[in-house]
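Here is a short walk through one protein model. Start with the overall fold, then follow the chain.

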Amino acid sequence: MPTDTTLAAPTQPSPTDAPPRLGAPQAFTAVSFPVLGSALHVTGMPLQDIFILLGGCGALGAAAVVAVGGRRRLTSLAGAVLRAAAGK
């Protein structure tokens, strides 16, 4: 009884496949930042300190994306920031 010992090559997504627009990490961040800010405000933390803290967290997240993803992700992140600032 012959057995096939060859392994199938792993499939790679093609460069034309579009990544999902909103995944679990983006949804978690979009929900957790307002919840965290509200919780800190209810506990008595001044708004200015909350904005500085959450802005620092966002900057660290952006730096991590750039460090892992490189230039392509940096341009994508910059475009997202510009669209958000423009209200689109």
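The paragraphs below cover confidence, helices and surface.

This is a predicted model, in which local features need pLDDT of at least 70 and side-chain atom pairs count only at pLDDT 80 or more, while totals for chains, interfaces and linings use all residues. Residues are numbered from 1 along each chain as its sequence is written, and side-chain values use heavy atoms, with hydrogens and water left out.

Confidence comes as pLDDT (the predictor's confidence in each residue, from 0 to 100). The protein averages 76. A score of at least 70 is reached by 72% of the residues. Where pLDDT is low, the predicted coordinates should not be read in detail.

The protein has 3 helices and 0 strands. Both kinds of element are DSSP runs, numbered from the N terminus: helices are H or I with at least four residues, strands E with at least two. The order from the N terminus is α-α-α.

Helix α1 covers residues 24-42 and has the highest mean pLDDT of the elements, 83. Its 19 residues should span 27 Å at 1.5 Å a residue, and the end C-alpha atoms are 27 Å apart, so the two agree. The expected span is 1.5 Å times one less than the number of residues. In α1, S32, G37 and L40 are buried (under 20% relative accessible area, 1.4 Å probe, protein chains only). Just after α1, G44 takes a positive phi of about 105°.

Helix α3, residues 71-86, has the lowest mean pLDDT, 78. Its 16 residues reach 22 Å from first C-alpha to last, close to the expected 22 Å.

Buried residues make up 6% of the 88 residues. The protein exposes about 7700 Å², with 68% supplied by carbon and sulfur atoms (Shrake-Rupley method, 1.4 Å probe).

Definitions and conventions. Buried means under 20% relative accessible area, exposed over 50%, partly exposed in between (1.4 Å probe, protein chains only).
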